[in-house]
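User: I would like to learn how to read strands, sheets and helix packing in a model. Please take one feature at a time.

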Amino acid sequence: IHESGMRVHFNSPEVIDKFVEDYINKPHSELLRQEEYKDFERKFYSSSTQSLITNFESCHILELESVRIGFACINTSWRCSRTLPEDRLVFGTVQVSRGAHYLRSKGCDYIIGLLHHPFDTVSQIERQLTETMLSRAKYDAALFGHVHHGRSHLSMGNNGNLFISIARTGFSKPSEKVEKYNSGYTILDFDFNKPSVECSFRTYVFDRNEFDRDIYLAKNGSV
């Protein structure tokens, strides 16, 4: 009954964002499923002065020479369950703007968003809004997982450019015969001075028990 009620309650971006704002650091029965992980996360980063942990987004900063790179880890999974239809998955896009605001306030030169669920795997309520928020908040890149086929592209719009990369699956089915769904990974080589990014795609070859260039995703396995 509780779960059915929450599905009905989360019916607009404003309602979802209000919940995320209200319980950013307060307990709620809806968040119990992630409690153990969040406890672990807070302990793991307890000594870091470059991290922010909330019940939803987490932010981290990496300093490379004179460049500060911010990572906003957007929690798209707090509503996940085996019984929740994909078109009912919401997460609160306010996390995107909050993450960017925090990292900019810490002097980050570049911001990369990490989200488990790509745009087309969340509810229609937030699907288009998610990409809009990432672009409007001036993220330089957004990296996704969840789906078992990879792709990378540059999205250009009125709010600026956003590099998007979706990783292949890890090892959910190493013997997969359909190339599109093979296990694999992507190496992203960012040059923030240009700026540019080079993608090297790798795919697992079950018969050889090794990774090789992923020519399914790109000619010669890289772009």
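User: Which residue stands opposite Thr203 in E10?

Analyst: Two strands pair if DSSP finds at least two bridges between them. Here Thr203 stands opposite Asp212 in E10. Strand E9 (residues 196–205) and E10 pair in the antiparallel sense, over four bridges. This is a predicted model, in which local features need pLDDT of at least 70, side-chain atom pairs count only at pLDDT 80 or more, and totals for chains, interfaces and linings use all residues. Residues are numbered from 1 along each chain as its sequence is written, and side-chain values use heavy atoms, with hydrogens and water left out.

User: In what order do the three strands of that open sheet lie?

Analyst: Strands (E, at least two residues) and helices (H or I, at least four) are DSSP runs, numbered from the N terminus. The order is E8-E9-E10, with antiparallel pairing. Strand E8 (184–191) and strand E10 (210–213) are at the edges with a single partner strand each, so one side of each has no neighbour in the sheet. From one strand to the next, the twist averages 30 degrees.

User: What is the strand order in the open sheet of seven strands?

Analyst: The order is E1-E2-E3-E4-E5-E7-E6, and the pairing is mixed. Strand E1 (51–53) and strand E6 (151–157) are the edge strands, each pairing on one side only. The twist averages 20 degrees from one strand to the next. E1 and strand E2 (residues 58–64) run antiparallel and are joined by three bridges; Ser51 has His60 in E2 as its bridge partner.

User: Which strands does helix H4 touch?

Analyst: Contact means heavy atoms within 4.5 Å. Axes are lines fitted to C-alpha atoms, for helices over the stretch in contact, and angles between N-to-C directions run from 0 to 180 degrees. Helix H4 (residues 94–105) packs on the sheet and touches E1, E2, strand E3 (67–74) and strand E4 (110–115). The direction of H4 makes about 155 degrees with that of E3. Helix H5 (residues 127–136) lies across E4, strand E5 (141–144), E6 and strand E7 (160–166), at about 125 degrees to E7.

User: At what angle do H2 and H4 pack?

Analyst: Angles under 35 degrees count as roughly parallel, over 145 as roughly antiparallel, 65 to 115 as roughly perpendicular and the rest as oblique. Helix H2 (residues 13–22) and H4 pack at about 45 degrees, with axes 9 Å apart. H2 is therefore oblique to H4. Asp17, Val20 and Glu21 of H2 make the contact with Val94, Gln95 and Arg98 of H4.
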